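This report covers model confidence, the contact between the chains, and charged side chains. The structure is shown first.

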Amino acid sequence: MPDPIIRVVELHKHFGRVSALNGVNLEVQQGQVVVIIGPSGSGKSTLLRCINHLEKPTHGHVFIEGVDLEAKSTNINKMRTEIGMVFQQFNLFPHLTVLNNITLAQKVVRKRGKEEREQVARQLLERVGIPEKADAYPGQLSGGQQQRVAIARALAMNPKIMLFDEPTSALDPEMITEVLDVMQDLAQTGMTMVCVTHEMGFAKAAANRIIFMDQGLIVEDTTPTDLYENPQHERTRLFLSKILH
Amino acid sequence: MSVKPEGSPKPAVRSRLTFSEQMRHFPWWAVIMIAGLAIAFVAMMGNPQYREALNFIVRPPTSTEMAFGIEVRNGLMMTLVTTIVAYLIALIFGLLLGVMRVSKNPILFHASTLYVELMRGVPMLVLIIWIGFVVVPFLRLQAGDAFPLTNVQGAILGLGFGYAAYLAEVYRSGIESISHGQMEAARSLGMGYVQSMRYVILPQAIRRVVPPLANDLVALLKDSALVSVVAVPEILQMARLYVSRTFRAFEGYNSAAFLYLVLTLAFIIVVRLIERRWRSNA
Ligand SMILES: Nc1ncnc2c1ncn2[C@@H]1O[C@H](COP(=O)(O)OP(=O)(O)OP(=O)(O)O)[C@@H](O)[C@H]1O
Ligand SMILES: [Mg+2]
């Protein structure tokens, strides 16, 4: 097997007395689409945020393409350009137009010229299905449209990995599919994706791997079909029965 | 279906307000104040002693004073120059301090906090006296004639750097009011802390604190009278000079109060317009 693009080794994260991660080990290969599920507070977001170093691990290491994020010599900003992140609350920049949301980091990080970065932005808006919203402000968009802009904004850096933290949880039901469709298209292009989501339709259609976390640990790591048909642990079974009704 | 007669004017939305609501919204206080000031002005101009006092403040018989390359010709202008220069210093240095106050770097955080608490812990009047009678004379003694700062400039700098501490707290609260997700989103795109501050956090934070910043301009205008204590020839100082020469305290100080009211009213109107513009944009 080739070297994993993400390697998480014995990851611990404590917030004061609360321990969010208790020794997580995980390897993700290039092109894999991994879905993470688990009860609230099980450490899913914390794991994702450690992978792009928004959270600094208490112990353990995260390697991206073999580079240790904890190492002093690592340029964390440079590493983050390789890792796009999509948040539950979109976190678009409200003072900038949709176009400028997508071009800002291209300008200040990638140092792309105006024409190039705007072309990239417009192509991405086309790809997520809202080319006509380039000059709108985030506040003028629906939740689903905002989340698609957020995906375009992350993709504009040409990341090798995309992290999604409950990208559809803040959306009205009728907007969930438009975001999932974009994610599914992205999965088909061979993007490495780690998605915290309880959208089981998406997991079945797009993921080759599903991970169940509980109490800061990976309890089960398998394929979506296996997980539903044959969960190995009682905890997994209980959780699935709750979310699948 | 009822048909409206052709050409009947559409009722404006405003007219839905009740009479008392309309009265509540109309800026009566400003009308009354302006009318009062206008009457006072006419009355003063009809009185030779008031005319003399106002003249003394607004058009002094003698010298001009240089402050930061600006030729200041009279007390009114000195008040305006003091206010505006001190405000610009406070706006810029306060922003720097405000950003340092939210910094994770312990040196930047503690240095800025120390500065802010020191400045806010000393009455502005004491600060100005201290700069005027201790710092500037001491530096002048050290540097001799080469010392570039006049008394007036020292006092203006003191006011500006003192106010910077207050504005720093305004900026800080603005920065802290921006959701944490904004910084995280910027950082997740590979932008550094400084870049994220500059392009994502500050533009939003500053927009949010424009109204309180504008209010502090009015407060600074009134506090500019404090520099009279080190003999900066602004409105109050010129009024004092007039009174000490003529012993006409009534005319001198009434004229000063009148001029301050005119200025603050003008500033408040500008500030309200800015606020209104801002609220409709936000
Ligand atoms: N910044 C923080 N400060 C303190 N405690 C935190 C912080 N972030 C997370 N935690 C705690 O760490 C634990 C794991 O949180 P995390 O957000 O990773 O869970 P999650 O699986 O994403 O849950 P959810 O489904 O609710 O999003 C929780 O107990 C949470 O309260
Ligand atoms: Mg979470």
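## Confidence

pLDDT is the predictor's confidence in each residue, on a scale from 0 to 100. The model is predicted, and chain B averages a pLDDT of 86, with 92% of the residues scoring at least 70. Within chain B, the mean is highest in helix α8 (residues 180–188), at 96, and lowest in strand β1 (residues 65–67), at 71. For the complex, the predictor reports an ipTM of 0.92 and a pTM of 0.87.

Where pLDDT is low, the predicted coordinates should not be read in detail.

## Contact between the chains

Chain A contributes 23 residues to the contact and chain B contributes 17. About 1,700 Å² is buried between the two chains, and carbon and sulfur atoms give 61% of that area. On the chain B side, B:Glu184, B:Ser188 and B:Leu189 lose the most area to chain A, together 35% of what that side buries.

Between chain B and chain A there are 7 residue pairs in polar contact, both residues being at pLDDT 80 or more. Helices α8 and α9 (193–223) of chain B each supply at least two residues of the side that touches chain A; α8(B) gives the most, with 7 residues. The count of salt bridges between the chains is 1. B:Glu184 forms a salt bridge with A:Arg49, with the closest N and O atoms 2.7 Å apart.

## A buried arginine without a partner

A:Arg153 lies in helix α5 (residues 143–155) of chain A. This arginine is buried but has no salt bridge, and the nearest side chain of opposite charge, B:Glu184, is 10 Å away. Leaving out residues up to four places away in sequence, A:Arg153 touches residues of both chains, among them A:Phe90, A:Leu92, A:Ile102, B:Ala185 and B:Leu189.

## Salt bridges within the chains

Over all chains, the count is 16 salt bridges. In chain A, A:Arg148 and A:Glu178 meet in a salt bridge at 2.9 Å, N to O. A:Arg148 is in helix α5 and A:Glu178 in helix α6 (residues 173–188), so the pair ties together parts 30 residues apart in sequence. A:Arg148 counts as buried at 10% relative accessibility, whereas A:Glu178 is partly exposed at 23%.

In chain B, B:Arg101 forms a salt bridge with B:Glu169, the closest N and O atoms being 2.9 Å apart. B:Arg101 is in helix α4 (residues 75–101) and B:Glu169 in helix α7 (residues 151–176), 68 residues apart. B:Arg101 is buried, with a relative accessible area of 11%, and B:Glu169 is buried at 11% relative accessibility. Salt bridges that share partners join B:Arg101, B:Glu169, B:Arg172 and B:Glu176 into one network.

Terms used: Residues numbered from 1 in each chain as written. Chains lettered and ligands numbered in written order. Heavy atoms only, no water. Helix = DSSP H or I, 4+ residues; strand = E, 2+ residues; numbered from the N terminus. Buried < 20%, exposed > 50% of the residue type's maximum accessible area, 1.4 Å probe, protein only. Lys, Arg positive; Asp, Glu negative; His and termini not counted. Salt bridge = Lys/Arg side-chain N within 4 Å of Asp/Glu carboxyl O. Contact = heavy atoms within 4.5 Å. Buried area = accessible area lost by both parts, 1.4 Å probe. Polar contact = N/O pair within 3.5 Å; in protein donor to acceptor, adjacent residues only side chain to side chain.
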